[in-house]
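My notes follow in the order in which I looked.

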Amino acid sequence: MQKTKLLYLTDSYKQTATATVVDVVHKSHSTGLVLDQTIFYPQGGGQPSDTGTIQSKTATLEVAQVDYHDGQPIHWGKAANALKKGDSATLTINWDRRFHNMRLHSAGHLLHEAVMQVAYGIEPVSGIHGIGGKNELKYKGIIDHTLLDNIQEKLNTLLTQNLEITTKMVSLKKLQEDASWVPENLPKNKPLRIVQIHGFDPLPDGGTQVKSTQEIGEILITDIDYEDHHSIVKYQVAGEAKKPTTSVSPTTTLQAFQNELDTVAAELQNAAAAKKDVTNLRLIFLGRHGKINQLTKLIRALPQKDKGKAGLKLNQLKAKILDLLKLQPRRQKLKTSWFDPTMPAISPPVGRLHPITKIFNEVEDIFARFGFTIATGPEIEWDEINFQKLRLGPDHPSRDTQETYYFDQERLLRVHTSSVQIRYMQSHKPPIRIISPGRVYRRDQIDATHLPSFHQIEGLLVDDRTSLTDLLGMLEHTVKQLFGPQRAVRFYGHNFPYTEPSLEVEVQTKSGQWLEVVGCGMVHPQVLENCHIQSSKYIGWAFGMGADRLAMLKYDISDIRSLYSGDLRFLKP
C-alpha cells in the first residue's frame, strides 16, 4: 500500500484539499479511511488529532479521530452512506480546533526555551499539548518551584518579541549538529521534521505550529509538579481557538461598542454562574489578548465625543470582573493620620553584610569581570551527580571522609558544589565559565578550622583552548584582589579523582602561618565525557575554595565557629 502524503508537514495552515480513498476499514460502528494524501494531523507528539469532514459526491465521513496504524494515518468516524476505494473526496478540517492545537503546541516550545534559559541541570523528556486536556512539559531533574516566577517573566519577554517559528525537513546528522538536545531512537535513514523559534536551536517535531509567537497569545504557567526525580511544568494558553484580532473598524459606533460590551458582560455573568476557574477567567477577560483589551481597541475607533462614555462603561465592567476575581485595584487610597513633623526622628538600627556574604560578593565580582556567570543547584543531591560522574565510585576510599547524611540509597546532602558543575555541563555546550557558591556538608570533626557544614565557591572553565597556567594565574589574581598585592601564595601538587594534574593553594596569614584555601586542577577527561563533552575537543580547569576560610583570613578570625555563633558584632557597622 502506498504511503499517505502528509500535507500538513509543509503547510499547517491548509484547511481544505482533495484526496483519493486508498483503503476502507471498519471497526465496531466506525469507518476508517486511508487516503493517498491528507491535511488531517493524526494524534501523536503530544498533540491531539484534527477533526473535520471527508466528502465525496455521494458520501460524507465526519472525522472524529485520526490515528497512526503501521505508519499510515487512518481517519475514523461515522459515514453517511459508504465511501469506496478509489473515490475522490474533499477534505475539510475543523480550523478552530487545528489553530487552537497549533497555539498550544507552539506555546509548549516557547515555554521550553524559557525553562532552559532559567533552569539548568535538567533534560527534556516529553510534552503534552492538549491531549486529554493536559498541557505540560516533562523534564528529568528538579526545577525549583521558586523559579516559576522567573520562568514566567522570561516567557512574557519572549512573547513580546514576535519571534518567527519555522519548520523544515533535515537529516538526523544535521539535527545532531545544530540542536542542543536530540532524543534517542530517532530514525537514521529518513528526513526528520524540525521546528525552530528564531534565535534558538532547532528541535525535532512532527506537529503543527503557528508562524510566529504573536499568534500564540498569552501563556500562563499554572504549576510545577514532581514525579520520580522529574519536573512537570504545566501551562495554559489564553483566549479561544482562533487567531487574535488586532484590526478594528474605522466606522465603529457607540451602539456597536455597547453591543460588544453587553456580549462580554453576558459572558461574565455566565462564567460567574458556572463558577469557572479564576485562573481561566483572568486570562479570558484580563489577559493580553483578553476581552477587555479587545474592547479597549474598539474605543480607539469611536468618534471623539463618544470615547469618554465608552471608557466609563468599560471601567465599570472591569470593576465587576475584578470584584468577581476577588482582586483589588492596584491603586489604593492611603489612610491619613495626624503626626507631628517637629518630633525628632527615630533612627532605625543599621547593620552590614555577614563576612561570608561579603566574600561571596567579592569573589563573584572578580570572576564576573572575566566573563564568569553564577550557577546554583540543590543541596540535596543524587549520588550519581555528587560522586559517580566525578570518578568517585561506590567503593572509592575518599568517600569515607566525605559521605554525609543519606536520605535513601541515592540521595544525600551534597559534599561540594561540583555537583552544580556536573548539572551545568550536562545542560550547556562549551565554552563554559561559571562559579557555583553555596553551602556544603562533610564528615569533618568540629575544631577551629573545620565544621560539618560550611560554604564553598567552586569555579569551572571549559573551552577548546586553556591551560594550567591560566588556572594558576586566575587564582593568584583572585588572592591578590581579596587580600592585597603583598599577600604570599604557594602551590603544591595534590590528588583529586576529578582533576589531573591536581594542586592545592595555600595563603600566608599575617602571623606567618600557611592556610590551605583552594583545591584545583585540570578537569579529568572522563569527567567531561560523563557530561557528554568531547574530551578530544575540549579541555577545562576547575577549583574549589572555602568561603569561610577566606573570611577568616581577610577579617583575622581565629576560630571558624565564631562565624556561626550569632555574635552581632559581625553585623554592626
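**Entry 1: the sheet**

I began with an open sheet of 4 strands, whose order is β9-β10-β15-β14 and whose pairing is antiparallel. The edge strands, each pairing on one side only, are β9 (123–129) and β14 (219–227). From one strand to the next the twist averages 20 degrees. For the terms, I took helices (H or I, at least four residues) and strands (E, at least two) as DSSP runs numbered from the N terminus, and I took two strands as paired if DSSP finds at least two bridges between them.

This is a predicted model, in which local features need pLDDT of at least 70 and side-chain atom pairs count only at pLDDT 80 or more, while totals for chains, interfaces and linings use all residues. Residues are numbered from 1 along each chain as its sequence is written, and side-chain values use heavy atoms, with hydrogens and water left out.

Next I followed the pairings of β15. Strand β10 (residues 135–140) is joined to the antiparallel strand β15 (residues 230–237) by 5 bridges, and K140 stands opposite H230 in β15. β14 and β15 pair over 8 bridges, again in the antiparallel sense, with I219 opposite V237 in β15. The hairpin of β14 and β15 has 2 residues between the strands, and in this hairpin D228 takes a positive phi near 50 degrees.

**Entry 2: the helices**

I then asked which strands of the sheet helix α1 touches. Helix α1 (residues 95–118) packs on the sheet and touches β9, β10, β14 and β15, its direction making about 130 degrees with that of β15. Contact here means heavy atoms within 4.5 Å; axes are lines fitted to C-alpha atoms, for helices over the stretch in contact, and angles run from 0 to 180 degrees between N-to-C directions.

For helix α2 (residues 148–159), I noted L148, I151, Q152, L155, L158 and L159 as the buried residues. They lie on the same side of α2, because they cover an arc of only 120 degrees around the axis, the arc being that of the directions from the helix axis to the C-beta atoms. D149 and E153, on the other side of α2, are exposed. I used buried for under 20% relative accessible area, exposed for over 50%, and partly exposed for values in between (1.4 Å probe, protein chains only). Among what covers the buried residues of α2 are α1 and β14.

**Entry 3: a buried aspartate**

I located D205 in the loop between β13 (203–204) and β14. D205 counts as buried because its relative accessibility is 9%. Leaving aside neighbours within four places in sequence, I found D205 in contact with H105, H109, R193, I194 and V195.

**Entry 4: aromatic rings**

Rings of Phe, Tyr and Trp (its six-membered ring) pair if their centres lie within 6.5 Å, and planes under 30 degrees apart count as stacked, over 60 as edge-to-face and the rest as tilted. By this rule I have 9 aromatic pairs. Y8 and Y41 form an edge-to-face pair, at 5.2 Å centre to centre and 80 degrees between the planes. Y8 lies in the loop between β1 (5–6) and β2 (16–27) and Y41 in the loop between β4 (37–38) and β5 (52–55), so the pair ties together parts that are 33 residues apart in sequence. Y8 and Y41 are both buried. Lastly, I noted one aromatic cluster formed by F367, F372, W541 and F543, in which F367 and F372 are buried.
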